[in-house]
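Please look through the sequence and the structure shown below before reading on.

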Amino acid sequence: MEIDWMPRGRCRDMDPALFFPSDGVGVQVAQRICAECPEKVACLEYALANRVDHGVWGGTSERERRRVLRQRRLSRVRASRS
Ligand code: SF4
C-alpha cells in the first residue's frame with residue numbers, strides 16, 4: 001500500500017505520541033488535528049487496510065475504526081447475498 005501521503009500529513013512535524021493518546025481527551029486533541037489534514041482519507045484507509053489497532057489515524061479512534069471495518073464487512077456480506 002502506498003505511503004507517499006505520509007509526508008503531506010498535518011502531523012508530519014508533530015510529536016507522534018500525540019496520536020497515541022492514553023485517554024479520551026487525548027483522542028479528541030488528535031482528532032482536531034486530523035480534522036484539517038489534507039491526507040485524512042488516505043491515512044484512514046492505510047490504517048484500515050493494515051489493521052492498525054493503536055492510535056488515531058485519519059481522525060478515527062481505535063473503536064471507530066473497528067466499527068468501520070465491521071460495517072464494511074456487513075456491507076460485503078449483504079452485497080454477496082443480493
Ligand atoms: S489524518 Fe491525522 S494522523 Fe493521519 S496524516 Fe493527517 S494528521 Fe496525521
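Which residues in α1 are buried? In this predicted model, the buried residues of α1 are Val27, Ala30 and Cys34.

Seen down the axis of α1, the buried residues fall within an arc of 70°, so they line one face of the helix. An α-helix has 3.6 residues a turn, so residues three or four places apart point the same way. On the other side of α1, the residues Val25, Gln28, Arg32 and Ala35 are exposed, while the cover over the buried residues of α1 includes α2.

The length of α1 can be checked against its residue count: at 1.5 Å a residue, its 12 residues should span 16 Å, and because the end C-alpha atoms are 16 Å apart, the two values agree.

## The chain as a whole

The protein chain has three helices and zero strands, and from the N terminus on its elements run α-α-α. Its C-alpha atoms fill a box of roughly 45 × 30 × 20 Å when this is taken along the principal axes. Of the 82 residues of the protein chain, 15% count as buried, and among the contacts with a separation of 6 or more, 47% are accounted for by residues 24 or more positions apart.

## The nonpolar core

The largest nonpolar core is made up of eight residues in all, namely Phe19, Val27, Ala30, Cys34, Cys43, Ala47, Val56 and Trp57. The elements that give two or more residues to this core are α1 and α2, and α1 gives the most, with three residues. In soluble globular proteins, nonpolar side chains tend to be buried together.

Ala30, one of the residues of this core, is in contact with Leu18, Phe19, Pro21 and Val56 when its neighbours within four places in sequence are left aside.

## The ligand and its shell

Around the ligand there are 13 residues, of which the closest are Gly9, Cys11, Cys34, Cys37 and Cys43. Both α1 (24-35) and α2 (40-49) supply at least two residues each to this shell, and its residues divide into seven nonpolar, three polar and three charged. Cys34 and Cys43, listed among the closest residues to the ligand, also belong to the largest nonpolar core.

Gly9 has its place in the segment before α1. Is Gly9 buried or exposed? Because 20 other C-beta atoms lie within 10 Å, and 20 or more is the count required, Gly9 is buried. Leaving aside its neighbours within four places in sequence, Gly9 is in contact with Cys37, Glu39 and Cys43. The C-alpha atoms of Gly9 and Gly58 are separated by 9.6 Å, although these two residues stand 49 residues apart along the chain.

## Arg51 and the helix α3

Arg51 is placed in the loop between α2 and α3, and it has a positive phi of about 50° although it is not a glycine. With 9 C-beta neighbours inside 10 Å, Arg51 counts as exposed, because the limit for that class is 12 or fewer.

Helix α3 covers residues 62-81. At 1.5 Å a residue, its 20 residues should span 28 Å, which agrees with the 29 Å between its end C-alpha atoms. Of the 20 residues of α3, the number buried is one, so this helix lies largely in the open.

Key:
Residues are numbered from 1 along each chain as its sequence is written. This is a predicted model: local features need pLDDT of at least 70, side-chain atom pairs count only at pLDDT 80 or more; totals for chains, interfaces and linings use all residues. A residue is near a molecule or strand if its C-beta atom, placed from the backbone, lies within 6 Å of it. Helices (H or I, at least four residues) and strands (E, at least two) are DSSP runs, numbered from the N terminus. Ala, Val, Leu, Ile, Met, Phe, Trp, Tyr, Cys and Pro count as nonpolar, Asp, Glu, Lys and Arg as charged, and the others, Gly among them, as polar. Two residues are in contact if their C-beta atoms, placed from the backbone, lie within 7 Å. The expected span of a helix is 1.5 Å times one less than its number of residues. A nonpolar core is a set of buried Ala, Val, Leu, Ile, Met, Phe, Trp, Tyr and Cys residues joined through C-beta atoms within 7 Å. The arc is that of the directions from the helix axis to the C-beta atoms.
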